[in-house]
Amino acid sequence: MRSVCRLGVLCTVLASAVAAHAEPYELFAIYAPLSESGRPIELPLTKGSTLPDGSESHRLDRIIARFHADALSATTMVAFSKFVFHVSVGDKTFEDVRLEMGELEKNPAREIPLLVWRGDGQREALARVRIEVQSIYTAAFLCLQEQELFVRGTRAERVEISEALVPKACEKKPPEACKETRTLLLAEGEDTAILYSFCKRPGDVFLHEQVDWEKLARPVDDTARALEKFRFEDLSETGMREKVLQRHKMALVERLAAQLNQFPSRFGQSVVDTTSEGHEGALLFVRDEYAVTLLKAAGSVRLTEETGGGVRPLAEQMDQASEVILSLEPVICFQFPAGELLRPPWHVELEVADAKADTGTRRINIELLYRDGCTRALAAQWKDYLGQRVTLRIVFRLPEREDLVIYRDAFDVHNLGLITIFPVASEIVAATLSSSPKDIESTSVIPISWAMSVRGGRANSYAITFPFILGVNTRSAPKLAEYVALAPSVSVIAGGEQEAPSFAFGIGVNLARAFHFGYAWAPTADDGQYVLIGVSIPELLPLLSGLGASGVTAP
């Protein structure tokens, strides 16, 4: 009884190790660098994943398998005699990669090439790669599982098998010793006894090697009634020898597969293949499958800019009030589940200059807002990047792995269109809207002007000018309003010793935001008119500092 218990524990431990442990191998995609100084990138393959076949700096070179060398994996691999990898790309299949356990024991962690990728020669933007792994059990492991069925005592019966054996199995024994009775497993759902076993009998032979399968394949007659216990009803009376042998093995491996699949499996399901050549027509193995999609046209991404009700391709210059839309080409989009290419490990990020960062740049992950099946809107506040060069990147990123940059586009963010600046009011509006400090419309200009009298009785004087600046920035001249703009104004002109200050209304131009040139009229009794030449000190200082930084000095 104790040996039976020990056998049950051993079978349970081995089966649990096979079922509970993840695959004893991993698959990797190896990307080769496009430059001599680059390093290869190794990315693990996961089931159902989508991988690029290249990036700015690397190209997909090959797909490999690598077995684990840890103790738990070694325990799992004891149950298998061979591993077979079936590889196909689309409708094209490649030669199977077969690995015997003896080869793996020498160096389990070595690289095992499965597929060398040089494209598939098809025009489609996607390539479907399928890798099926067959982990074939050893006879010794299946013998343990077979004995476990006996230990459990489920659907087994003691029957006489001597009539089913070939005569030579008893040729050296007396007739009375040839009467052999043995406990056999019964087929699932039938009372037929199974004459196939993975356990060896005395003499180092298997039971099925001693069975007279030709006799079992003959029609039933009065002299062969003792063999009815071993005949399956679904076989014709004139069944071939091979068919009878295969049916008995199928009955056994079906029961073994059902037992193995009772354990929660992370590795794969035990299945029976009746199409494999050899193996008496029935092969029991663990089936695992990787279905991977290679994106060959990673550049099939379109960026468009929506502003003022219009849509246009994203250009070198974009407006801060625009919305940027990311679209996948329908030929790619419609072949994927919803959002497959628009969620991790695919990331969309912005890269901007940052003097405080160690790399000199700062990267910001951008959320994508759903538009429809193939388009997303970038959830970015573009006013935060006003006046900066922004690089948008689509990156394939796995933890602790080097990024694969699939797509890159750069553009400058500006305040485009009509520019309006009102004295004092612009600051109030900018604070309310949380505008960028770099926005030309967020600060007004109030120059101190020299008012030269050209008509009327007043002398030349000083004035405080409040210009209402009207300018325009275009995509070809995105900073035009900063250099020249129309400037209607209201000025307060200082009076003399016996003259009160007066208001003057005028028109002029604003240059570089710091200088104001205009003509003003004061509705006074003498109908005073003035030429205004003004300077705004807050705007002049940055200009002077810029000249100093560029190396220009005063003579």
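Select strands E1 and E4 (residues 58-67) to begin, which pair in the antiparallel sense over 9 bridges, where two strands pair if DSSP finds at least two bridges between them, and where strands (E, at least two residues) and helices (H or I, at least four) are DSSP runs numbered from the N terminus. This is a predicted model, in which local features need pLDDT of at least 70 and side-chain atom pairs count only at pLDDT 80 or more, while totals for chains, interfaces and linings use all residues. Residues are numbered from 1 along each chain as its sequence is written, and side-chain values use heavy atoms, with hydrogens and water left out.

Within this pairing, pick alanine 32, whose bridge partner in E4 is arginine 59. Strand E1 (residues 25-33) is largely enclosed by the rest of the structure, because 7 of its 9 residues are buried (under 20% relative accessible area, with a 1.4 Å probe and protein chains only).

Next, move to serine 322, in the loop between strand E18 (317-319) and strand E19 (323-328). Serine 322 counts as buried, because its relative accessibility is 6%. Show its side chain together with that of glutamate 305, since the two make a polar contact at 2.5 Å (a pair of N or O atoms within 3.5 Å, one able to donate a hydrogen and the other to accept it; residues adjacent in sequence count only if both atoms are side-chain atoms).

Note on methods:
Buried means under 20% relative accessible area, exposed over 50%, partly exposed in between (1.4 Å probe, protein chains only).
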